Amino acid sequence: MPKITKIIIIVISFVGLLISATLILNSNILFKERTQKVDNQIEEKTEKGFQIEKIDGITYIGGTIITNKTYSLPSTYVPQNIVIIYDYVNIIDYVKDAFNALQSDAQSIGLNIYPASGYRSYENQERIYNKYIEKDGLEKADTYSARPGHSEHQTGLVIDVNTVDMTFDNTAESTWLKNNCYNYGFIIRYPKGKEEITGYMYEPWHLRYVGKELAKKLYNNGFWITLEEYFGITSTYE
Ligand SMILES: [Zn+2]
């Protein structure tokens, strides 16, 4: 083989090697870009376009903590700034302030609204839920009691008021709450007729704090819509 041919072959091989290396490097960069995009999409969106974020196992949808049958809290989750509101009832401090305002306005027109239950720890919920299963069986217990980790009471953002049973419905207090609690940032979390959507029976005593802005939207001029409908999410056990 003439010397010149050898040189040409070497040069061609070298150029080929260079092109291959460039291609490999490029595809690697492309691959990295693609995985980064996938990483960013870990923050999913609901079917209504709200962002679902999971921070330390807690689910925030559109910035609001969501705890229902689909979304749970870690067993270790204890909210910060829990204070006593009444007797053995505890809630987050700013929820207490909102409730106190609601309570005193109700009182000024002769209505008596008082806290019956508030923050409940994971262990406490576990105990209660197991007791209900023993009494009513799993299927029935699931319609009125949350499984541990799925109770909204664990958020510290919930107050059950007055009599925690259906004798409370249609009392002057219950009717006033239905029409006014949103002014203080609370919602009727499990409205009548929305059992299939929330996964729970109607509970006129269960008030969830969401802040005034969202509460007003959910109040919907008296036609309560649920957090599930508003955000476009489900509430079902897996
Ligand atoms: Zn409750």
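User: Which residues touch the most other members of the largest nonpolar core?

Analyst: This is a predicted model: local features need pLDDT of at least 70, side-chain atom pairs count only at pLDDT 80 or more, and totals for chains, interfaces and linings use all residues. Residues are numbered from 1 along each chain as its sequence is written. A nonpolar core joins buried Ala, Val, Leu, Ile, Met, Phe, Trp, Tyr and Cys residues through C-beta atoms within 7 Å; buried means 20 or more other C-beta atoms within 10 Å, with C-beta atoms placed from the backbone. The largest has 34 residues, and those touching the most other members are Leu102, Cys181, Phe186 and Ile187.

User: Which element gives the most to this core?

Analyst: Helices (H or I, at least four residues) and strands (E, at least two) are DSSP runs, numbered from the N terminus. Elements supplying at least two core residues each include β5 (89-92), β7 (158-161) and α7 (212-219). The most, five residues, come from α2.

User: What is Phe186 in contact with, beyond its neighbours within four places in sequence?

Analyst: Contact means C-beta atoms, placed from the backbone, within 7 Å. Phe186 meets Ala98, Leu102, Cys181, Leu207, Arg208, Tyr209 and Ala215.

User: Which residue in β2 is the bridge partner of Lys54?

Analyst: β1 and β2 (residues 58-61) pair antiparallel over four bridges. The partner of Lys54 is Thr59.

How values were computed
A residue is buried if 20 or more other C-beta atoms lie within 10 Å of its own, exposed if 12 or fewer, and partly exposed in between; C-beta atoms are placed from the backbone. Two residues are in contact if their C-beta atoms, placed from the backbone, lie within 7 Å. Two strands pair if DSSP finds at least two bridges between them.
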